[in-house]
Amino acid sequence: HSRVIHLGTIADYTIEDVAPLRYIRINGEERISLHIYPEEHINTVELAKQIREKIDALKTTFPDGYRLTLAYDGTEYIQNELERIYLRTVLSLSILLCFILLITKRMNYLLIVFSSLLVNVLLAFICYYLFKLEIHLYSIAGITLSLGLVVDNAVVIVEDLRHTGRNRIFSAILASTLTAIGALSVIFLLEESQRLLLMDFALAIIINLLISLPIAYFFIPAMLDRFPVNIKNKRVKFKRKRR
């Protein structure tokens with residue numbers, strides 16, 4: 001049986017302060033540094049916000065002569081980069097959709113492309129949750145990059161269906177998608193330090209590309225049946241002159 005033996009029963013001990021190994025001072029005053037690191041799978045930006053709120057509440061309870069100053073916050077860089085990525089994503093998609101509307105001049109066309117993109121994003125986020133894909137700078141960059149590829153697949157399928165009435169180009173899209181996935185799979189063969197940085201980037205693109213395939217095969221043709229985009233056939237008539 002296990003038995004708890006207290007230190008006081010076998011030895012005499014006293015509590016003393018440990019001699020400091022180094023001194024940290026600001027303006028000649030002693031300082032105590034407190035480093036806070038997040039655990040794995042924790043939202044760092046949200047955690048930093050909660051810590052700031054807690055610090056602001058504790059400042060009111062400090063005695064005279066004590067103060068708490070934030071020396072460095074690593075989440076500020078992450079927050080700024082996220083805002084830039086969000087802005088670039090919105091601008092790039094807006095320009096792309098406006099360009100599609102300008103070229104086609106049909107709202108049904110734009111509706112089909114936008115709805116396919118929206119469904120792709122929603123299904124992708126469900127897969128991110130199921131596969132426990134972390135959302136950070138690298139994964140968001142992969143999502144942004146893959147959105148352009150998803151829109152490209154949608155436009156190609158819509159144009160094929162408009163002109164031929166049959167989804168004949170899907171095999172070509174399937175081959176190009178599998179080729180892109182095969183190229184990205186090389187990341188999983190890199191060294192561990194490099195693989196950990198780029199793995200989420202590759203997974204985000206692979207998931208979006210795989211989801212775009214059933215959307216191109218099932219969803220877009222169904223949307224075209226519901227919101228048809230007709231083509232005005234232009235025929236050139238030749239007249240023969242009789243002598």
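**Exercise 1. Find where Lys132 sits, and work out whether it is buried or exposed.**

Start with the location: Lys132 is in the loop that links H3 and H4. (Helices here are DSSP runs of H or I with at least four residues, numbered from the N terminus.) Now look at the backbone: phi of Lys132 is near 55 degrees, a positive value in a residue other than glycine. Last, check accessibility: Lys132 has 72% relative accessibility, so it counts as exposed. (Buried means under 20% relative accessible area, exposed over 50%, and partly exposed in between, with a 1.4 Å probe and protein chains only.)

A quick word on the model: it's predicted, so local features need pLDDT of at least 70, side-chain atom pairs count only at pLDDT 80 or more, and totals for chains, interfaces and linings use all residues. Residues are numbered from 1 along each chain as its sequence is written, and side-chain values use heavy atoms, leaving out hydrogens and water.

**Exercise 2. Do the steps again for Lys105.**

Lys105 lies in the loop between H2 and H3. Its phi is near 60 degrees, again positive in a residue other than glycine. With a relative accessible area of 69%, Lys105 is exposed.

**Exercise 3. Describe how H3 meets H4.**

First, the geometry: the axes of H3 (residues 107-130) and H4 (residues 137-164) come within 10 Å and cross at roughly 135 degrees. (Axes are lines fitted to C-alpha atoms, for helices over the stretch in contact, and angles run from 0 to 180 degrees between N-to-C directions.) That makes H3 oblique to H4. (Under 35 degrees is roughly parallel, over 145 roughly antiparallel, 65 to 115 roughly perpendicular, and the rest oblique.)

Next, the residues: H3 brings Tyr109, Ile112 and Tyr128, among others, while H4's side includes Ile143, Leu147 and Arg162. (Contact means heavy atoms within 4.5 Å.)

**Exercise 4. Compare that with H4 and H6.**

These two pack at an angle of about 25 degrees, with axes 8 Å apart. H4 and H6 are therefore roughly parallel to each other.

**Exercise 5. Which residues touch the most other members of the largest nonpolar core?**

The core has 31 residues, and the ones you want are Ile112, Tyr128, Ile157, Ile220 and Leu224. (A nonpolar core is a set of buried Ala, Val, Leu, Ile, Met, Phe, Trp, Tyr and Cys residues joined through side-chain atoms within 4.5 Å.) H6 gives the largest share, nine residues. Now zoom in on Tyr128: leaving out residues up to four places away in sequence, it touches Leu133, Ile135, Ile143, Ala204, Ile207 and Asn208.
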